[in-house]
Amino acid sequence: MDFKLSKADPLEVKCDVLVFGKFENERIGGLIKGADKALENVLERTFEQEKFKGEMGKSVMINTLGKIQADRILIVGLGKRSKFSLDVLRKVGIHTAKMTCSLSQKTAFALEVAEKRGNFAALSEGMMLGLYNFNKYKTNEKGSEGDRIVEFVTDKLREKMFSGEVEYAKTIAEATNFARDLVNEPPLALTPGRLAEIAAEIAKDGKLGCKILDTKEIEKRGMGGLMAVSKGSDEPPRFIHLTFDPTRAPRKTVAIVGKGITFDSGGLCIKPSDSMRTMKMDMSGAACVLGVMKALPKLNPHVRVHGLISATENMPGGKAYKPDDIIRALDGKTIEVVNTDAEGRIVLADALCYAVQLGIKEIVDLATLTGACMVGLGNYTAGLMGNDQSLINRILAAADLAGEKVWQLPLDEELRKEIDSDVADVKNVGSRWGGAITAAMFLEKFVGDTAWAHIDIAGPAYVEKGGDWYPKGGTGFGVRTVIRYLLGR
Ligand code: BES
Ligand code: ZN
Ligand code: ZN
């Protein structure tokens, strides 16, 4: 996608679709009024007929019949003026991409909104996110992108700010779309081994440090959790460790940890078939980590970042780990297995211990960890928990900037006894109630005093039906939040 800036009169811009924005319940004025005049009031009349007031997520498209240079006009709802934010612009970009994907090679935006930093970035990011689709396995459908041009028509030409913002947006959207691709890959193609190969390619391209541990090494180091979960599968596990070193002196070192279950059948506590569908998405945390690691060399934050992934399938083969098993994590703590379907926390335990052993002072993990989190927060919001409120606040602020919905859940002292075990140091499942919280409190046992936050992305990582702002399938959730958290903006 090619982004351009122009100072032309919008009515003189030759394009397939010219986009205006309209605030909810406001009378039309300014640029739209001008266009309406040129089109003999067809806009105002269409708004009335279609009862379009300017609500978010709604729009009206009309053909200009050659009365102006643009072929069509799309008026996108901006919602209430009082609620305007950069996220509104990102959503305008997503909506426009969806509305124009099949009919526009050149789209021009003529939006009269408060000109401020980030406008171009938000719109460009939205356009690139909104055009995403996953059709590589459809024999007769080619990628529809082609050489798309997006032109921003504005009366203030700020070339330097513009190119910086567009680059930033491109990096973030590409990383998100990359994570979406990984999640959408079928599990037969995206095995733990393949995930590790992809990680190695990212490392090579971005000059990152790269260490991949195979079965032998995982066992030798004592990563008993990852070992145990992998036993029921014929696909060997991998532990992935990528390192980004900034060119400037790092202000701090953090670890981003991802759950990389490339398929979760539930293991011997096998899932019913309906719940097993979509479980290729159980590596969405890992996909997020790889998306972020891919973007970092271009963004170059003042932070050293370790990307850590425990990758395996969870299968019920003849050697599978079993309920009643007791396994030993990397730090020596023992885990009683109550349910083999609560495998994510077990493989993450080793990854968290690994991060602690590296001496890292701040850890953020992302995992499609619990159905309970989806029950509590729904399909579009991630749960956030942790042992350090200042870290949590920074993640909440980053999510807000990114336009990703994240909601803090409490850790609860009274719930902690749920995961006490009679025979081991901890057991991997509590009761039904508070399942997202007890899962987090299980993880907490493996981080010691290190500042740590856990993002349960079970809901928003994968949206089966799609949504207004999400494509069907993998969403790449978390990439945008984590990048902003690392950049501190
Ligand atoms: N991968 C699942 C969690 C999940 C469920 C993610 C639905 C996305 C959509 C996880 O490994 C799991 O199976 N968790 C169990 C835990 C239970 C056995 C305590 C769950 O949530 O049902
Ligand atoms: Zn599971
Ligand atoms: Zn799982």
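This is a predicted model: local features need pLDDT of at least 70, side-chain atom pairs count only at pLDDT 80 or more; totals for chains, interfaces and linings use all residues.
Two or more residues of the shell around ligand 1 are supplied by each of two elements, strand 9 (252–264) and helix 12 (371–377). The shell comprises 17 residues, of which Lys271, Asp282, Asp341, Glu343 and Gly371 come nearest to ligand 1.

Polar side-chain atoms approach ligand 1 at several positions. In the side chain of Lys271, an N or O atom is 2.8 Å from an oxygen atom of ligand 1. For Lys259, a polar side-chain atom lies 3.2 Å from an oxygen atom of the ligand. Asp282 places a polar side-chain atom 2.9 Å from a nitrogen atom of ligand 1. On its own, ligand 1 has 520 Å² of accessible area, and the protein covers 78% of this area.

Rolling a probe the size of a water molecule over the atoms shows where empty space is left. The structure holds 2 cavities of 30 Å³ or more. For the second largest cavity, the volume is about 40 Å³. Its lining consists of Ala179, Val183, Ser284, Ala287, Cys288, Ala461, Thr475, Gly476, Phe477 and Val479. Helix 5 (159–184) and helix 10 (284–299) are the elements that give two or more residues to this lining, and the largest share, 3 residues, comes from helix 10. The lining of the second largest cavity contains 7 nonpolar and 3 polar residues, with no charged residues.

Conventions:
Residues are numbered from 1 along each chain as its sequence is written. Chains are lettered from A and ligands numbered from 1 in the order in which they are written. Side-chain values use heavy atoms; hydrogens and water are left out. On a 1 Å grid over the protein atoms alone, a cavity is a set of points where a 1.4 Å probe fits but cannot get out, and a pocket is an open set with protein on both sides within 12 Å along at least five of seven lines; lining residues have an atom within 4 Å of a point. Grid points are joined across faces, edges and corners, and a volume is the space filled by probe spheres set on the points. Helices (H or I, at least four residues) and strands (E, at least two) are DSSP runs, numbered from the N terminus. Ala, Val, Leu, Ile, Met, Phe, Trp, Tyr, Cys and Pro count as nonpolar, Asp, Glu, Lys and Arg as charged, and the others, Gly among them, as polar. A residue is near a molecule or strand if one of its heavy atoms lies within 4 Å of it. A polar contact is a pair of N or O atoms within 3.5 Å; within protein, one must be able to donate a hydrogen and the other to accept it, and residues adjacent in sequence count only if both atoms are side-chain atoms. Accessible areas come from the Shrake-Rupley method with a 1.4 Å probe; for residues, only the protein chains shown count as cover.
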